[in-house]
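Me: I have a model open and want to learn how to read it. Can we go through it feature by feature?

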Amino acid sequence: MANVLKGDASGRGQIAGYRVSIPARQHPYTEAEIAAVVDVMRNCEAQTQSSKMLQFQEDFKNYTGANHAFAVDNATNALSLAASLCRIAPGDEVIVPAFTFCASAIPFGKQGAKLIWADMDPKTWTVSPSDIERKITGKTKAIVVVHLLGMPCDMPAIMAIAKKHDIRVVEDCAQALDARINGQHVGTFGDYGCFSFHGAKTMTTLGEGGMLTVKSDADAALVPGIRHNGCCAFNYERERYWVPAMSNVDMDIEGFWPNNFCIGEAQCALGSEQLKSLKENTDMIIRQNDKLRELLKDVSEVEFNEIPEGYRHVRHQYIQHFDGSAFGKNRNDLLDLLTKKYGIRSIVQYYPLYRYPLFQKLGNGDFDCPVLDKWWDNCFSVPMWCGMSDEVLETIADSIKSAIADLKKA
Ligand SMILES: Cc1ncc(COP(=O)(O)O)c(C=O)c1O
C-alpha cells in the first residue's frame, strides 16, 4: 500500500506522521465569502448564468485589465474554448511546454493537433522563447505558454515571435492569477488567457471554477454560444414568446460544436468576494517564499528560479532544484530523508508530459527538450500555503540543510 495516494488527488490534505504537511486549501474562507454563497442560496432565483456571473466577469476584467472575460467551470474548459477559437483541426501542430500540468495540452490534442513539446529556460524555468521559434513549422496553428509556478513567461519575446509568424497565442494562467510583467497582467498579452479557481489555488470558487479572457471582439462574440450548447435568443420579435420554443439553438458560432462550460451563481458570487483579498494573500505567499529563499541562500546545492526585473512571480509552488552530484546523491535521496527522517511532506510536480503513458499512447511521445530532461530529475517542492509562520519556514529550511549534511556524510 506504500504507493497509494493519500489526501486529495493532488496529494494535499493533512496526513499523520508529518511535521509539515500540505493542507487541502491555501487559506480558510472568510465570513464575508461564506455570506456571499449563503446569500445566493437564500435569495437568488437564478442559479446559473445570471447577475452574479456578469458581476464576476466585470470584476475580473477590472482586476486583470482583460478586454473580455467569461466565467467557466474550470481552466481545462477555458483551454478547450481557446482551442476551439484557434480552429485547431487534425493535421495542425500546437507548440506546448513539456513542463506543465497535463491540462495545458489535452484540449489541443483532443481537437486532433500534434503536440510539439517546447523546452524550458534554464534560469526562469518557464518555456524558452527561442525553443518555441525553433519548433515553428508551416503547420503550427497555435502556441500555448504556461505561467507555471506563478512565474510569467517572457511574453514580450513570445508575442514578437507569434506576430512574425502570424500564430495565435494561448496563455495558460491557471497558476498565475495576479502575476504581472511591468504591471501588465498575464493573460492579456496573447489572444486568450485561461485561469483556474481549483481548490488548490490562491483563489477558489468552491473547489472548481475558471475564467477565459479574450482579446478580440470577434472571438468574444462567439463565446457565450459555445459555452452554453449554442443556446441564444431569437433575433426577431415573436408574437407569442413560446413559438417556436423558449430559446433558440443556432449556429451563429461559425459551425463550432458547442458544449456546456457554465459555472453556477454561488461560485461566481464567491469569486467576486475572493478577488477583494487576492492581492493581500498573494503578497503573503510571495513574502513567505522570499523568506525561504533567504534562509537557503548559502546552501549551494539548492537553487530557486531567477526572477527577471519587473516580473511579479506569484510563487504558486515552492519548487527548488537540488544538485548533489558532487557527493553522488540525487533528489530522491534528499526526499527520502526530508519525508521520512525530517517529516517534511515534500513532493515532485509535473512529470515532463512526453514521459506520461497517455501522451505516448496518443502519439505524442517524441521530444527534443534537453534542458528540461536533465533538470527535472532533480527538482522538488516543499509544502506551501497562505499564512505559513516563520517557525514553519525555518523548520523546512533547517530540515533541507540537515538532510544535505546527512547525504554528504553517507
Ligand atoms: C498549469 C495548469 N493548467 C491547467 C490546469 C487545469 O485547471 P482546472 O483544474 O481548473 O481545470 C491546472 C490545474 O491545476 C494547471 O496547474
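Reply: Let us start with the domains. This is a predicted model. The centres of domain 1 and domain 2, taken over C-alpha atoms, are separated by 28 Å. The domain assignment places domain 1 at 31–275 and domain 2 at 278–409.

Me: How many residues does the contact take from domain 1 and from domain 2?

Reply: Domain 1 gives 32 residues and domain 2 gives 33 residues. On the side of domain 1 that touches domain 2, β3 (114–118), β6 (180–181) and α8 each supply at least two residues. The largest share of that side comes from β3, with 3 residues. By class, the side of domain 1 that touches domain 2 holds 19 nonpolar, 8 polar and 5 charged residues.

Me: Next, helices. What describes two packed helices?

Reply: Two things: the angle between their axes and the distance between those axes. Take helix α2 (residues 51–64) and helix α8 (residues 265–295). They pack at about 30°, and their axes are 8 Å apart. Angles under 35 degrees count as roughly parallel, so α2 is roughly parallel to α8. The crossing of α2 past α8 is left-handed.

Me: Which residues of α2 and α8 make the contact?

Reply: From α2 come K52, M53, Q55, F56, D59 and Y63. From α8 come E265, C268, A269, G271, S272 and L275. Sorted by class, the contact of α2 with α8 has 6 nonpolar, 3 polar and 3 charged residues.

Me: And α8 with helix α12: at what angle do they pack?

Reply: Helix α12 covers residues 390–409. It packs with α8 at an angle of about 40°, and the axes are 10 Å apart. The pair α8 and α12 is therefore oblique. Their crossing is right-handed. On α8, the contact uses Q288, K291, L292 and L295. On α12, it uses D390, L393, E394, I396 and A397. The classes in the contact of α8 with α12 are 5 nonpolar, 1 polar and 3 charged.

Me: How are α9 and α12 placed relative to each other, oblique or roughly parallel?

Reply: Read the angle first. Helix α9 (residues 331–341) and α12 pack at about 125°, with their axes 9 Å apart. That pair is therefore oblique. The crossing of α9 and α12 is right-handed. D333, L334, L337 and L338 in α9 meet S399, I400, A403, I404, D406 and L407 in α12. The contact of α9 with α12 divides into 7 nonpolar, 1 polar and 2 charged residues.

Me: On to sheets. What is the order of the 7 strands in the open sheet?

Reply: The order is β1-β9-β8-β5-β4-β2-β3, and the pairing is mixed. β1 (68–72) and β3 are the edge strands, since each pairs on one side only. From one strand to the next, the twist averages 20°.

Me: How many bridges join β8 to β9?

Reply: There are 5 bridges between strand β8 (residues 192–196) and strand β9 (residues 210–214), and the two run antiparallel. S196 is placed opposite G210 in β9.

Me: Which strands of the sheet does α2 touch?

Reply: α2 packs on the sheet against β1 and β9. The direction of α2 makes about 130° with that of β1.

Me: What is the order of the open sheet of 3 strands?

Reply: Its order is β7-β6-β13, with antiparallel pairing. R180 has H185 in β7 as its bridge partner.

Me: Last, the backbone. Is the peptide bond from V243 to P244 cis or trans?

Reply: Check omega. Here omega is near 0°, and the V243 to P244 bond is cis. P244 is in the loop between β10 (231–232) and β11 (248–249).

Me: Which phi does R87 have, positive or negative?

Reply: R87 has a positive phi of about 55°, although it is not a glycine. Find R87 in the loop between α3 (75–85) and β2 (93–97).

Conventions:
Residues are numbered from 1 along each chain as its sequence is written. This is a predicted model: local features need pLDDT of at least 70, side-chain atom pairs count only at pLDDT 80 or more; totals for chains, interfaces and linings use all residues. Axes are lines fitted to C-alpha atoms, for helices over the stretch in contact, and angles run from 0 to 180 degrees between N-to-C directions. Helices (H or I, at least four residues) and strands (E, at least two) are DSSP runs, numbered from the N terminus. Angles under 35 degrees count as roughly parallel, over 145 as roughly antiparallel, 65 to 115 as roughly perpendicular and the rest as oblique. A crossing is left-handed if the near helix is turned anticlockwise from the far one by less than a right angle, and right-handed if clockwise. Two residues are in contact if their C-beta atoms, placed from the backbone, lie within 7 Å. Ala, Val, Leu, Ile, Met, Phe, Trp, Tyr, Cys and Pro count as nonpolar, Asp, Glu, Lys and Arg as charged, and the others, Gly among them, as polar. Domain bounds come from an automatic or database domain assignment. Two strands pair if DSSP finds at least two bridges between them.
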